[in-house]
Amino acid sequence: MAAGISNSSLKLILAVLAAGILAGCAAGAPTEVFVGAVPEGFMTSRANYDTSTTFDELVRPHFFARSEDGDLVAVQGEPDRLVIRDGMVKIRLRQGKQKLYLDPLALTAGELGEHPVHRIYRLAAMGIPLDQSLGKELKRPATLDRLFHTLEFEYLRDKPSRGTIAEVFPDGTFLVIPFDPPEAWRSPQEGVASPTHLHVNPRALTVAGSALAQDYEKQILSLSFDQQRYPPPEVARKQCGVYQEALSSPVYKDTLDSIGFRFTPAHVLTGGSDDEDVAGERLTKLIREGAGEKVRYFGMEGSWISGVLTQLDVSWLGDCDTAGGVRRYRVDGESKDRFYLRVRRSLEPDKRDRHKIVALDDDGSIRVIYDAPGIVLMALPLPTDDSRWLMSTEGWPKAGAGIPADPRWQSVYLVNVNDPEDYQMVDYPIHQFPRAPEAGLYGASPRLSDDKRFLFNTLYGFKDEGGGVWVTDISKEDFFTDASAFTRIVDWDHALSWMLLEPEPEDPTAPVNLFLTGKEVSDDFAMTANVLSIGGGGLDSSIQSQQRLLQMVGWNPVPFAQHTLGDGKFLVAVETHFDYESSLLPRAKGVYIVPVDLGR
């Protein structure tokens, strides 16, 4: 393990690294023409770096080192020098006489979204020496990006971009710092931020030259809104084919290979715990681990989760099926968790047969719990009776041609999954508001309190009243008809997502801190990120403080990663499509790294 160094030595190293930023070109630099560079501020060294974590703890799963012969091999040995090899910055490892070379992207970032040069600054602060040629190159921002991995891609249709890879996430997507802010994303409005990063998926590398992608996009854009959400099977197959084509493309595979990334379940499923014989535990670990120490990543899409299930040797996935919404729950009186997830049978001719809630059994088999007529927005079993589920789904018939709407349309309902026609409407008391819709509102983002007494979830109303974050006391047998069992905590016309920044405190009345993204319909459809402190607990919950952190360019922003820095400080990565059309063939989403300081 590399030895620590004194504060005075650290300051000297950082001064040496930063002092020559405008110096001339150093010997040994690559000589090919390189167009573009990230803004210089991304590469300026910080005054201090956290050196308390060991090197082994920084190395993330799914990354490999490269031998002197060029083969990918397991990461082993001690870091002894930071070098340039084959024109790229690498960490040299020694294992006896053997030398291996590890890419800096294999390490957890000190701050989510930082330029990879900061991983080098951090290692230098930990006492790992710099090769002389690398020390010289670090003084020149004009060529510095040439030493790190860059990516060329299409961020919107017919709009190319290029930038430095800041992260490779466990699902094989990239966080990229663009060389120049993409023109389409630049905000013309004061106070509305443009993205600093892009979340790039494999399609962005291949769609420009793909006849299949161009054919699919032409077809999907010609469909009605309802057909776009529920594509006909022939279009859904092309949608699936575009993704698979991208995954197998040489440019994508070569990019991951050059970094040393290869999704490897054995890096996470080490056999060190008894629960790994449970399929739900294995799946949860593979989805949730791998982003790095104190970093949570949850931006993966359903097609990738299906690929993970395939690696777990499940036999029930069909062509182009997707999966997501993996949740665990424990029924009162049982000693271990159960698991369920959402499955979409994309190629079913009847869209009402596509969306399922399934139980994932210990051996990896599934049981269909509920057939939903459309996209599932909310699904949660009651903790006291797992045959009764709180549901909100699309697909129920709305009113038309003199026929009234199905009561379950645009609503939350409680259903007996053993008899789906046995259901009760969950009567949120929204009709106290003058502009509340007669039918009700869709529910989403459910979460139970630790004591399982209270349900927290959003209702979204768009231009109707009644939307926001609600809490319900579900311990009452007839809670779904009792207006006193409900409290609206946060008034929001179109809340998109919310999450707790920290675990729920032991004292139920102590404040909890929510990170919430929303489309503020009443404020000219402002797309915003916000932090709220909620105190009181249960039905007495109320807002203690609320702050808009950012207003941004884009469409429907949601968080997809969180880095816990300590002392009440966080970095939350929020991503957003450019507009609705761009979501139909996603290439790259705009990303905002939002700092949150709870003031501790």
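Student: Why is D103 called buried?

Tutor: Buried means under 20% relative accessible area (exposed is over 50%, partly exposed lies in between; 1.4 Å probe, protein chains only). D103 has a relative accessible area of 3%, so D103 is buried. Keep in mind that this is a predicted model, in which local features need pLDDT of at least 70 and side-chain atom pairs count only at pLDDT 80 or more, while totals for chains, interfaces and linings use all residues. Residues are numbered from 1 along each chain as its sequence is written, and side-chain values use heavy atoms, with hydrogens and water left out.

Student: Where does D103 lie, and which residues does D103 touch?

Tutor: D103 is in the loop between β5 (98-102) and α3. Such names come from DSSP runs, numbered from the N terminus: helices are H or I with at least four residues, strands are E with at least two. Contact means heavy atoms within 4.5 Å. Not counting residues up to four places away in sequence, D103 touches V89, K90, I91, H149, S258 and I259.

Student: What makes helix α3 count as mostly covered?

Tutor: Nine of the nine residues in α3 (residues 117-125) are buried. Among them are V117, R119, Y121 and A125. Just after α3, G127 takes a positive phi of about 105°.

Student: Why is I165 called buried, and what does I165 touch?

Tutor: I165 has a relative accessible area of 0%, which puts I165 among the buried residues. I165 lies in strand β7. The contacts of I165, leaving out residues up to four places away in sequence, include L105, P116, H149, F174, V176 and I259. T150 is also touched; I165 and T150 are 15 residues apart in sequence and 5.6 Å apart in space, C-alpha to C-alpha.

Student: How many aromatic pairs are there, and what makes two rings a pair?

Tutor: Rings of Phe, Tyr and Trp (its six-membered ring) pair if their centres lie within 6.5 Å; planes under 30 degrees apart count as stacked, over 60 as edge-to-face and the rest as tilted. The structure holds 19 aromatic pairs. F169 and Y297 form one of them, at 4.3 Å centre to centre with 10° between the planes, and that pair is stacked. The pair links distant parts of the chain, 128 residues apart: F169 in the loop between β7 (159-168) and β8 (174-178), Y297 in strand β10 (residues 295-297). F169 counts as buried because its relative accessibility is 2%, and Y297 is buried too, with a relative accessible area of 4%.

Student: What makes the second largest pocket a pocket, and what lines it?

Tutor: On a 1 Å grid over the protein atoms alone, a pocket is an open set of points with protein on both sides within 12 Å along at least five of seven lines, whereas in a cavity a 1.4 Å probe fits but cannot get out; lining residues have an atom within 4 Å of a point. The second largest pocket has a volume of about 540 Å³, where volume is the space filled by probe spheres set on grid points joined across faces, edges and corners. Of its 25 lining residues, the closest to the centre are L247, Y252, F263, W304 and Q311. Helix α13 gives the largest share of the lining, seven residues.
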